[in-house]
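I am opening a notebook page on this protein and want to record what I looked up, entry by entry.

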Amino acid sequence: MAPKYTVVRLPSLKDSGSRSTCLFASRLSYLESEKNSEKETLLKAQSMEKTKVKEKYLQQARRREEVLALQRKQREERIAKELMSHSHKPKIKTDQVSRQKVSEADLMDQEAIKALK
């Protein structure tokens, strides 16, 4: 908002100065009220911005809760399926399990030890 300028007459030798004093006081009053209205406008804008930011974070929190609930549901469904299929899975013998655990690195280490003997 562009400031409005008014002409302020300086007191002349003939003038008592009351009129120019009144004009100056009214201008000063106008500037103060304009400053107050600008402050109010800024405060309203800041308040609206805070409200928008708060709403944004609340939406993010709601979305996060929805995602976590969906993940919990999917996990429970997966566990239920695994439990149902557990009885139908083939049983692995213990020596097969031990063979599976032996990795290639272990085999190479064993070969290196045999070579040193």
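**Entry on a charged pair.** I looked up glutamate 65 and found that it counts as partly exposed, at 44% relative accessibility; buried here means under 20% relative accessible area, exposed means over 50%, and partly exposed lies in between, with a 1.4 Å probe and protein chains only. The side chain of glutamate 65 meets that of arginine 64 in a salt bridge, at 3.8 Å from N to O, and arginine 64 is exposed, with a relative accessible area of 53%. A salt bridge is taken as a side-chain nitrogen of Lys or Arg within 4 Å of a carboxyl oxygen of Asp or Glu.

**Entry on provenance.** I note that this is a predicted model, in which local features need pLDDT of at least 70 and side-chain atom pairs count only at pLDDT 80 or more, while totals for chains, interfaces and linings use all residues. Residues are numbered from 1 along each chain as its sequence is written, and side-chain values use heavy atoms, with hydrogens and water left out.

**Entry on the other bridges.** How many salt bridges does the structure hold? I find three. One of them joins glutamate 55 to arginine 62, with the closest N and O atoms 3.5 Å apart; glutamate 55 is partly exposed at 35%, and arginine 62 is partly exposed at 46%. Arginine 78 also forms a salt bridge with glutamate 82, the closest N and O atoms being 4.0 Å apart. Both of these residues lie in helix 1 (residues 18-86), four residues apart, about one turn of the helix. I looked up their accessibility as well: arginine 78 is partly exposed at 46%, and glutamate 82 is partly exposed at 43%.

**Entry on the whole chain.** I find three helices and zero strands, where helices are DSSP runs of H or I with at least four residues, strands are runs of E with at least two, and numbering starts from the N terminus. Buried residues make up 3% of the 117 residues.

**Entry on confidence.** The mean pLDDT, the predictor's confidence in each residue from 0 to 100, is 78 for the protein, and 67% of its residues reach 70 or more. Where pLDDT is low, the predicted coordinates should not be read in detail.
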